[in-house]
Amino acid sequence: MRALWITVTYAIMTLLLIIPLVKIVTGAWERGADGFIEALVRPESLHAFLMTGMIVVTVTAVNTLFGVMTALYIVRAEWIGPRLKRLLNSIVDLPFAVSPVIGGLMIVLLLGPDTIMGALFQDMGIPIVYALPGMILATLFVTFPIMVREVIPVLQEIGSQQEEAASTLGAYSWYTFWKVTWPSIRWGVVYGVVLTVARSLGEFGAVLVVSGNIMNKTQTATTLVYQDVENFNVVAANAIALVLAAFSVSLLLFMEWAKQRKEVH
């Protein structure tokens, strides 16, 4: 029976992961190296990679800062009551429960050009929807829980005794964080960063809604893949998908290396 379940598991992994990946690789190289390179260096591809990179860097930086702060508040803040902490926990998990498309639609309804707030930002020369800020907001909404959920268990596991001892000895809060808290949570933050980058690279639904998928203006790599498939440019779609897949796999391998480093130390 055990051998049967192992066989079924490997069969499912092959069907869902290996075969699609092989199809992407063969499809990307269907026209040889020239076709693969041409698909990646065309203007729309370069613009999509640039937009994706800007979104990933911005979202990862913001999520790292505010994700760690939120985790600290939920676990350590004594001035926040249990009910409020439960409410914060629920709000943090909201993007997991709501479809990314709905998240993108919420941003359009709140900050679209036809809304009061959207028009206000538009008058200030800062368009939100159908522009880079809206795409960043949509990706932030989708990825925010990742960092929080990676750091909270670590904070709960290490407890607060060392931090309280440092505070009793007169250490300032920032000094306590960098010398006591940070060394204990840094690997959790590393995992959160890796997963945030991978999730930001692959986000599609929310970004598609708020970006409008305007060529050479608001396209990311994932929405360009969608457009290429719609236009039956399958080789180009496979080439971009292969680059994204290779980057994501590299991130996961890095996370495994980081886990080994953590176990060694």
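Trainee: How many aromatic pairs does the structure hold?
Mentor: This is a predicted model, and the count rests on the ring centres of Phe, Tyr and Trp lying within 6.5 Å. On that basis, the number of aromatic pairs in the structure is 7.

Trainee: Is the pair of Phe177 and Trp182 stacked, edge-to-face or tilted?
Mentor: The ring centres of Phe177 and Trp182 are 6.4 Å apart, and the planes stand at 45°. Planes under 30 degrees apart would count as stacked and planes over 60 as edge-to-face.

Trainee: Does Phe177 count as buried or exposed?
Mentor: The relative accessibility of Phe177 is 14%. Buried means under 20%. Phe177 therefore counts as buried.

Trainee: How does Trp182 count by relative accessibility, and which value puts it there?
Mentor: Partly exposed is the class between the buried limit of 20% and the exposed limit of 50%. Trp182 counts as partly exposed, because its relative accessibility is 27%.

Trainee: What are the angle and the distance between the axes of α8 and α9?
Mentor: Two packed helices are described by the angle between their axes and by the distance between those axes. Helix α8 covers residues 161–168, and it passes α9 in a right-handed crossing. The packing angle is about 145°, and the axes are 10 Å apart.

Trainee: How do the residues of the contact of α8 with α9 divide into nonpolar, polar and charged?
Mentor: From α8 the contact uses Gln162, Glu163, Ala166 and Ser167, and from α9 it uses Thr176, Val180 and Thr181. Ala and Val count as nonpolar, and Glu counts as charged. The division is 2 nonpolar, 4 polar and 1 charged.

Trainee: Where in the chain are the two residues of the pair formed by Phe204 and Tyr226?
Mentor: Phe204 and Tyr226 form a tilted aromatic pair, with 5.4 Å from centre to centre and 55° between the planes. The pair links distant parts of the chain, as the two residues are 22 residues apart. Phe204 is in the loop between α9 (173–202) and α10 (205–211), and Tyr226 is in helix α11 (residues 221–230).

Trainee: What is the relative accessible area of Phe204, and what is that of Tyr226?
Mentor: Both values fall between 20% and 50%, the range for partly exposed. Phe204 is partly exposed at 28%, and Tyr226 is partly exposed at 37%.

Trainee: Why is α11 described as largely enclosed by the rest of the structure?
Mentor: The buried residues of α11 are Ala221, Thr222, Thr223, Leu224, Val225, Gln227 and Asp228. The helix is largely enclosed because the buried residues number 7 of the 10.

Trainee: Which side chain makes a polar contact with the side chain of Thr223?
Mentor: Thr223 is found in helix α11 and is buried, with a relative accessible area of 0%. Not counting residues up to four places away in sequence, Thr223 touches Phe204, Val207, Leu208 and Asn213. The polar contact, at 3.2 Å, is with the side chain of Asn213.

Trainee: Which residues is Asn213 in contact with, leaving aside its neighbours within four places in sequence?
Mentor: Asn213 lies in the loop between α10 and α11 and counts as buried at 15% relative accessibility. The side chain of Asn213 makes a polar contact with that of Gln219 at 3.2 Å. The residues in contact with Asn213 are Leu208, Thr218, Gln219, Thr223, Tyr226 and Gln227.

Note on methods: Residues numbered from 1 in each chain as written. Predicted model: local features only at pLDDT ≥ 70, side-chain atom pairs only at ≥ 80, totals over all residues. Heavy atoms only, no water. Phe/Tyr/Trp six-rings, centres within 6.5 Å; stacked < 30°, edge-to-face > 60°. Buried < 20%, exposed > 50% of the residue type's maximum accessible area, 1.4 Å probe, protein only. Helix = DSSP H or I, 4+ residues; strand = E, 2+ residues; numbered from the N terminus. Axes fitted to C-alpha atoms, helices over the stretch in contact; angles between N-to-C directions. Left-handed = near helix turned anticlockwise from the far one by under 90°. Contact = heavy atoms within 4.5 Å. Polar contact = N/O pair within 3.5 Å; in protein donor to acceptor, adjacent residues only side chain to side chain.
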